[in-house]
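Trainee: I have a new structure to read. Where should I start?

Mentor: Let us take it feature by feature.

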Amino acid sequence: MIRFAVVGTNWITQRFIDAAHESGKMKLTAIYSRTLEGAKKLGEDYPVDHYFDSLEEMAASDLIDAVYIASPNSLHCPQSLLFLSHKKHVICEKPLASNLTQAESLISCAKENNVVLFEAFKTAYLPNFLHMKGALSRIGTLRKAILNYCQYSSRYPRYLAGENPNTFNPAFSNGSIMDIGYYCLASAISLFGEPESVTATAVLLESGVDGQGTVILSYADDFEVVINHSKISDSLLPSEIQGEEGTLQMEKLSECQTLSLTPRGGQKLDLTQPQHINTMLYEAETFAILVDNQFVAHPGLEVSRITAKVLTEIRRQTGVVFPADHQPA
């Protein structure tokens, strides 16, 4: 049984804890918060005995084998480095880091300390996503993919009212492409690998982050991926992958709710697979398998590195700069 701790006490942390316990391979042992009161409040719902308000003390503790990090984006790298350097396995929420330099430093630290580093990008491990990946050969030569995730942020009215919520604050390495746009980008990298070129545009908010944008990933053989992302508008459109022999469609890419295949000139076929209601279960199971097998140099690291590389290039082209870009990794 993998004894794990959590950093962050929000709703996504609770969902991961539930998923980890559902896997039957992990047990919550410790909780960190900036205050012990905050940590204990989360612990009211779980059988946990150890609470910390010091990250350094928790990282040095022999009570835990692994940690789940769900802090603001700008803290992902320094907090992950702390635990990796203490030889603790790390599953860190997406995005793994603020930029490519940070991502590469994390990967190097994990390998040097012989521990698992895993980016909690759940989409790539969902049954419907894996089934879609396996169905690519059924639509012939790939021509175009349109990956779409536009969702009006519940925090945008606060931003418009003059507040500066984390979601739209560059100090926290945030914005549209680093948040929901990430699902589209990392999905493309998981499906098709590293693109040959990247073209990006964005609408920048006064805070300095992107509110929405478009990215075109160009691949060999005249195949391209168009990414539409926004935190200031809604979209009802699915994502789709077009081939010369048919089209695959996916509703709500981040959750992969439904999957269908329409052969050219034929009828739509429902390919939807059953999925657990808590879709974080699959990433928790995958992480546990990697830890149990000491699979440090797993393929997911390269997907994370390429994603961080492309994210860094997208921000360079669109003019989004974070304070983390000027800090040593």
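Mentor: Start with one side chain: Phe118 is buried, with a relative accessible area of 1%. Keep in mind that this is a predicted model.

Trainee: Is Tyr125 buried, partly exposed or exposed?

Mentor: Tyr125 has a relative accessible area of 23%. Buried needs a value under 20%. So Tyr125 counts as partly exposed.

Trainee: How do I describe the ring pair of Phe118 and Tyr125?

Mentor: Look at the ring centres and the angle between the planes. Here the centres are 5.3 Å apart and the planes stand at 45 degrees, so the pair of Phe118 and Tyr125 is tilted. The structure holds 14 aromatic pairs.

Trainee: What kind of aromatic pair do Phe121 and Tyr182 form?

Mentor: An edge-to-face one, with 85 degrees between the planes. Centre to centre, Phe121 and Tyr182 are 5.5 Å apart. Both Phe121 and Tyr182 are buried.

Trainee: Which parts does the pair of Phe121 and Tyr182 tie together?

Mentor: Phe121 sits in the loop between strand 6 (117–120) and helix 6, and Tyr182 sits in helix 8, so the pair links parts 61 residues apart in sequence. Phe121 and Tyr182 also belong to one aromatic cluster with Tyr149 and Tyr183.

Trainee: Now the sheet. In what order do the strands lie?

Mentor: The order is 8-9-10-7-11-12-13-14. These 8 strands form an open sheet with mixed pairing. Strand 8 (197–204) and strand 14 (269–270) are the edges, each pairing on one side only.

Trainee: How does strand 10 pair with strand 9?

Mentor: Check direction, then count bridges. Strand 9 (residues 210–219) and strand 10 (residues 223–230) run antiparallel, joined by 8 bridges. Val215 stands opposite Ile227 in strand 10, and Thr214 has Asn228 as its bridge partner there.

Trainee: Do strand 7 and strand 10 run parallel or antiparallel?

Mentor: Parallel, with 7 bridges between strand 7 and strand 10. Tyr149 stands opposite His229 in strand 10. Strand 10 has 6 of its 8 residues buried, so the rest of the structure largely encloses it.

Trainee: Which helices should I place against these strands?

Mentor: Take helix 6 (residues 127–135). It lies across strand 11 (239–243), strand 12 (246–251) and strand 13 (258–263), at about 170 degrees to strand 12. Helix 8 (residues 180–192) packs on the sheet too, touching strand 7 (142–150), strand 9, strand 10 and strand 11. The direction of helix 8 makes about 155 degrees with that of strand 7.

Trainee: How do I check the length of helix 5?

Mentor: Compare its end-to-end reach with the expected span. Helix 5 (residues 100–112) has 13 residues and reaches 18 Å from first C-alpha to last, close to the 18 Å expected. Its buried residues are Leu100, Gln102, Ala103, Leu106, Ile107, Cys109 and Ala110. They pack against helix 4 (73–85), strand 6 and helix 10 (300–318).

Trainee: What does Arg315 touch?

Mentor: Leave out residues up to four places away in sequence. Arg315 then touches Ser98, Asn99, Met178, Val320, Val321, Phe322 and Asp325. Arg315 lies in helix 10 and is buried, at 3% relative accessible area.

Trainee: Where is Ser23, and what is it in contact with?

Mentor: Ser23 is in helix 1 (residues 11–23). It counts as buried, at 12% relative accessibility. Beyond neighbours within four places in sequence, Ser23 is in contact with Leu281 and Glu285. Ser23 and Thr286 are 263 residues apart in sequence, yet 9.6 Å apart in space, C-alpha to C-alpha.

Trainee: Last, how many disulfides does the structure hold?

Mentor: A disulfide is a covalent bond between the sulfur atoms of two cysteines. This structure holds 0.

Note on methods
Residues numbered from 1 in each chain as written. Predicted model: local features only at pLDDT ≥ 70, side-chain atom pairs only at ≥ 80, totals over all residues. Heavy atoms only, no water. Pairing = 2+ DSSP bridges. Helix = DSSP H or I, 4+ residues; strand = E, 2+ residues; numbered from the N terminus. Contact = heavy atoms within 4.5 Å. Axes fitted to C-alpha atoms, helices over the stretch in contact; angles between N-to-C directions. Phe/Tyr/Trp six-rings, centres within 6.5 Å; stacked < 30°, edge-to-face > 60°. Buried < 20%, exposed > 50% of the residue type's maximum accessible area, 1.4 Å probe, protein only. Disulfide = S-S within 2.5 Å. Expected span 1.5 Å × (residues − 1).
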